[in-house]
Amino acid sequence: MRRLLTVAVLGAAILTAPGAAAAADSQGQQDYADAANAAGVPADVLLAVSYLESRWDTNQGAPSTSGGFGPMHLTDAAAVRARHDGAGDARGDTARPSTVDAPAGDTVPAAQTLDAAAALTGIDKARLRTDARDNIRGGAALLASYQRDLGAPGGAGSDPAAWYGAVARYSGADTADAAGDFADEVYSTLRDGADRVTDDGRHVTLTAHAGVQPQTSWLDRLGLPRPPRGDVECPANLPCEWIPAPYADLGGGDYGNHDLGDRPASQKVRYIVIHDTEEYYDRTVQLVQDPAYVSWNYTIRSADGHVAQHVRTKDVAWHAGNWYVNATSVGIEHEGFAAEGAWYTEAMYRSSAKLVRYLAARLDIPLDRGHIVGHDNVPGTVPSTVKGMHWDPAPYWDWSHYFDLLHAPFRGTGTARTGLVTIDPDYDANRPAFTGCDGTAADPCSSHGASALVLHTAPDANAPLLNDPGLHPDGSASTMALSDHGSRVSAGQTYAVAGLSGDWTAIWYLGQTGWFYNPPAHPTAKWATGLVAVPKPGRTTIPVYGRAYPEAAAYPAGVPYQAITPLQYTFAAGQRYAVSGVVPGEYYRAVSFDGSSPGDRTVVRGQNRYVQVQFGHRFMFVNLDDVWLVPSPRPVA
């Protein structure tokens, strides 16, 4: 685990005073001990529950993406609200556009555990939201009340193994398998122990209890239903249910809400796309069952990590806004709100990582940021769609922690001389001054850790941001609005180095050089090695694409040619971009409900091959015929 040693503000490191650090360390541990004693809960059980909710972080009193507050994730659903990116073509196929808005309906909020904690403790709800000590007291009181309701043995000195039922109930899950999985993860944490410095500088330790064996029979006392698991594509140790997205004929040549396929036999699945729902879980599941809406393969609930599968991995869901990516990807929605909430629960991270590890092994997908991508990393298909592409899960998704859970941590493989760099800031210490979290573009967001670094036009924190001609066609600079990723990089992404200057590193980005603060004493990135794409000699510029489609000659009679349309970006001679792989030119033809249209449900393949490059915040493609792939060179100092 990383320890928070510094907080970087405008390029300056502010060190924590030794006396203050010692006091914070002592106080963090003591808060859990005091709350456990007052409520009559074993302190280590309380610590393990809190770890699975928040990893003991306070998040400065900001809500999670599903309306939970503080280290104990006390929920108050009114704290966040849906605020969508806007209507878009989730299918992303100009041969059959499908632009729809979400049908009318109310969001379904999470359980109001903050109200219950306030009633049990008499603590004001505002303090339960923002004061870590009171929040822990509220969570401990809730846990103790669940133990009393079960008639189970209580007390601070009671056997931790007897708290399994109360821990399961704390998850808020409405089925026995989901509640049990949450409790199993808590007891796994209890057995393994944990040790970290939280986002507010407190050192908290959970001693390992290697021999603890939870009394799982207490789960039955909760009386939760045990619905059939169904024929889901999920790992055996993950609670999943089958809630199918309908494949229906809507009349008039229209149908929804996904396409039938035969993957991976027909076409390789190359990507897993991480989304957030912008709705609460129940409303999200309701939406995916509407045949006139769009679809995705899985939804994961925030409170307990429960998973619902909607579309088979062999079929093509409409989720990413790019048909080439949809046809070669699996989409996973995570309950949450990219702007209104600032953090995701540990329970959801763990369930998602289990699912992605399973899918990656089954479908032979590399566990790297070229293939496990955010919706905000998917390129627009043609110039007109670039600006409207969605930007979830946004900078508050902790990519570094997520890849630790995937057992694929970001590692340095080179030096400052090897020419590539993998972004990897300390999430807690890295706090860009984003704006727009409340829907007003200029209003500052609360200070919070983030996976993203901001790029400048010069090695100076006061220098302007870069221009993204797709998002700002007037040539203006990008902004610090949370939704504006035109001058931003994300943890795990690898870029070609364009220069070094003191504590600053420059990378090639959207045809420009972008500088980010990367001091050797507290680096925000790791040096890497690999291949870069460079234009072949004689080519002044080469086109960049948002989809890797075959050439016109590849299309059989009756199947309309899908134009290979360059985006509005320029890849010029002298520039270089990190390579994620080489992909074939492919187009999956699917435009009719029954497959009766000429060439339907077939993959058109040509001679074209494309190189996937990390061109900006989003990956893009260049034609292999236009570039050389060479080892990353030494950057210019």
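**Exercise 1. State which aromatic residues make up the cluster that includes Trp397 and Trp399.**

Solution. Tyr344, Tyr349, Trp397, Trp399, Tyr402, Phe403 and Phe410 form one aromatic cluster. As with every value below, this comes from a predicted model.

**Exercise 2. Classify the geometry of the aromatic pairs Tyr396–Phe434 and Tyr569–Phe615, and locate each partner in the chain.**

Solution. 

Step 1. The search over the whole structure returns 34 aromatic pairs. For Tyr396 and Phe434, the ring centres are 6.3 Å apart and the planes make 75°. Planes over 60 degrees apart count as edge-to-face, and the pair is accordingly edge-to-face.

Step 2. Tyr396 belongs to the loop between β18 (372-374) and α11 (399-405), while Phe434 belongs to the loop between β19 (420-423) and β20 (452-454). The pair thus links distant parts of the chain, 38 residues apart. Both Tyr396 and Phe434 are buried.

Step 3. Tyr569 and Phe615 are likewise edge-to-face, with 6.2 Å between centres and 65° between planes. Tyr569 is in the loop between β27 (541-542) and β28 (571-572), and Phe615 is in the loop between β30 (602-614) and β31 (619-623), so this pair ties together parts 46 residues apart in sequence. Tyr569 is buried, as is Phe615.

**Exercise 3. Identify the rings over which Arg91 and Arg129 are placed.**

Solution. The charged end of Arg91 sits over the ring of Trp323, at 4.1 Å from the ring centre. Arg129 lies over the face of Phe69, 5.8 Å from the centre of that ring.

**Exercise 4. Describe the open sheet of six strands and the helix α10 that packs on it.**

Solution. 

Step 1. The strand order is β9-β15-β14-β17-β13-β18, and the pairing is mixed. At the edges stand β9 (240-242) and β18, each with a single partner strand, so one side of each has no neighbour in the sheet. On average, neighbouring strands of this sheet are turned by 25° against each other, direction ignored.

Step 2. Within the sheet, β14 (residues 298-300) pairs with β15 (residues 307-309) in the antiparallel sense over three bridges. Ile300 stands opposite Val307 of β15.

Step 3. Helix α10 (residues 346-363) packs on the sheet and touches β13 (271-276), β14, β15, β17 (329-334) and β18. The direction of α10 makes about 170° with that of β17.

**Exercise 5. Is Arg283 of helix α8 buried or exposed, and against which strands do the buried residues of α8 pack?**

Solution. Helix α8 (residues 281-288) is mostly covered, with six of its eight residues buried. These are Tyr281, Arg283, Thr284, Val285, Leu287 and Val288; Arg283 is therefore buried, the cut-off being under 20% relative accessible area. The buried residues of α8 pack against β9, β14 and β15.

**Exercise 6. Give the order and pairing of the open sheet of five strands.**

Solution. 

Step 1. The order is β24-β23-β22-β19-β25, with antiparallel pairing. The edge strands, β24 (512-517) and β25 (525-528), each pair on one side only. Neighbouring strands are turned by 45° against each other on average, direction ignored.

Step 2. Strands β22 (residues 494-501) and β23 (residues 504-509) pair in the antiparallel sense over four bridges. The bridge partner of Leu500 in β23 is Thr505.

**Exercise 7. Characterise the position of Asp89.**

Solution. Asp89 is found in strand β5 (residues 88-89). With a relative accessible area of 22%, Asp89 is partly exposed. The C-alpha atoms of Asp89 and Met389 are separated by 8.9 Å, although the two residues are 300 residues apart along the chain.

Methods: Residues numbered from 1 in each chain as written. Predicted model: local features only at pLDDT ≥ 70, side-chain atom pairs only at ≥ 80, totals over all residues. Heavy atoms only, no water. Phe/Tyr/Trp six-rings, centres within 6.5 Å; stacked < 30°, edge-to-face > 60°. Helix = DSSP H or I, 4+ residues; strand = E, 2+ residues; numbered from the N terminus. Buried < 20%, exposed > 50% of the residue type's maximum accessible area, 1.4 Å probe, protein only. Lys NZ or Arg CZ within 6 Å of the ring centre and 35° of its normal. Pairing = 2+ DSSP bridges. Axes fitted to C-alpha atoms, helices over the stretch in contact; angles between N-to-C directions. Contact = heavy atoms within 4.5 Å.
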